Structure formats: C-alpha cells, structure tokens
Amino acid sequence: MEVNHHIALDLLRKANTQETASAIFTEKILHKPLHLRPTSPDPNHQDARAHRRLQRLRKKEKARRRQKPKPLSAKEKRVTGIYEISKESQNYDIYVPLYQMWLGYIWEILGMVIGKQTWVTAQAAGAKLASADFHGAKLMVVRSKCVNTVGLKGIVVRDTKFTFKIITEKNELKTIPKTHTIFRFSIPQPDAATEVSEPEATKDIPDDGPGTSDLIFELHGSSFEHRAIDRATKKFKQRNMTEL
C-alpha cells in the first residue's frame, strides 16, 4: 500500500490540512514501532518473587509454633474435670509423701537446719509463712463459724482462693472455706523428723498445745483468701485482727 493512499492518512486529511495530516501520520503512525507480542517476563524475576513468598510462609509458620497455647477457659476446665480428684485417688496414704515433701520445703523457707534447733518468731516467719504454698500441709480446723468443720484434719490437696481441700485419714475429701475459719498446723524440728516414716507422718496434730520441739502455728483463713501463686508475689503487712 502506498503512503499517499493509506487509510489512516485519508481519515486524517478529512479533519486536518494536508500538511498537518502528513505530519501526524508520519510521526504517530509511520514511524511508530509495532510490537507483534508483549515483552516476556524475566524468568529470574518470577523465581525471586516465589522465593520471597516461600520465606514469608516459613517465617509465619515458625512464629505460629513459638506462640504459647491458649489457656483453658473456666468452662473447659469444668468440662474436662482437670481439677477433680477421683474416688480412687481419695486415699490418705497416697498424699503422705506429699506431706513429707512439704516439710522439706517449709524447713528451707524458715531456715531450719538439721541437727540444730531453730527459734522462729512471728516477726521473722510471719511474712514467709503467709507467702508459702500449703499444698501438702497437714491442717486442722480449730475454730470456725461452720461448727461442722471444727476438728477436721488432713493433708491439703488443693489450695484455692477461698477454700482448702483436704484428704482426711478416713479417705474423705473435704472442702473447708477459709472465711471465718482458723487452722492449726505443726512443723517438727528437722533433727526429730529427718527420716519420717509413714506411721510417724500420719500422726495427728496435737490438740493440747505444742510439744517440746514442734512449732505450732495458727492460720486465720479470712486473711488468707489468696491463691498460692498470688501469695508468692504479694507483700503482707501486720494488721489488727478485728474478728478476735
């Protein structure tokens, strides 16, 4: 096709002068490069993009694995019964070793050394005992507004914010509220109970007062309404007991 008879040039001549139409045709159409197909993408560029995407996915997966598992809700704990003690586990003899472990724990807290009698005062030991964990301690109810609980004694198997759950020598699980209740517990001297046998570990807490060397403490439950994990970081101050 000759240039003077190009269809595009004929259309441009209808709207413009001869010179203008020729200039537009030469600049915009005649000398314009014509691409038969689009430019192919760089294969290396595609590999780099896929590599970056793979790195992001791996990083996200690694971060997901590092996340701590979501704690169970209160409803899920009730449904699963993780804190429930089965009938087979409600046996006093099972928890005697736990009491022996608690004795070693409380001796260490109070600085009681084997072979040496230690004198413990309320000012020195009060804050330590208030922050201690009582899972495994042997408690006895000496006073309470709930008269049915007075005299109950056993090993603590669960220490909640408002209650103590104990296993009695009759293999019974008892839940005792802390409010308006006073508990008593005894700590023998290490030299007298270093090797505690099971018959000796199952002895009752004396009702007639302290012995020659045992340390006898009374715990006021109304001032002890905290979880064991919260007491470990709580600072206790001496206050007057209005209920006495």
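This is a predicted model: local features need pLDDT of at least 70, side-chain atom pairs count only at pLDDT 80 or more; totals for chains, interfaces and linings use all residues.
Mentor: Residues are numbered from 1 along each chain as its sequence is written, and side-chain values use heavy atoms, leaving out hydrogens and water.

Trainee: What makes strand S3 and S4 a pair?

Mentor: Strand S3 (residues 163-167) and S4 are joined antiparallel over five bridges. Strands are DSSP runs of E with at least two residues, helices are runs of H or I with at least four, and both are numbered from the N terminus. Pairing takes at least two bridges found by DSSP, so five bridges qualify S3 and S4. Five residues lie between the two strands in this hairpin, where asparagine 171 has a positive phi near 60 degrees.

Trainee: Why are S4 and S6 called edge strands?

Mentor: The open sheet has six strands in the order S4-S3-S2-S1-S5-S6, with antiparallel pairing. Strand S4 (173-177) and strand S6 (215-220) each have a single partner strand, so one side of each has no neighbour in the sheet.

Trainee: Why is isoleucine 182 called buried?

Mentor: Isoleucine 182 sits in strand S5, and its relative accessible area is 10%. Buried means under 20%, exposed means over 50%, and partly exposed is in between (1.4 Å probe, protein chains only). With 10%, isoleucine 182 is therefore buried.

Trainee: How do you know whether leucine 72 is buried, partly exposed or exposed?

Mentor: Leucine 72 has a relative accessible area of 41%, which falls in the in-between range, so leucine 72 is partly exposed. Leucine 72 lies in the loop between helix H3 (43-66) and helix H4 (74-80).

Trainee: How many helices and strands does the protein chain have?

Mentor: The protein chain has eight helices and six strands, and along the sequence they follow the pattern α-α-α-α-α-α-β-β-β-β-β-α-β-α. Of its 244 residues, 27% are buried.
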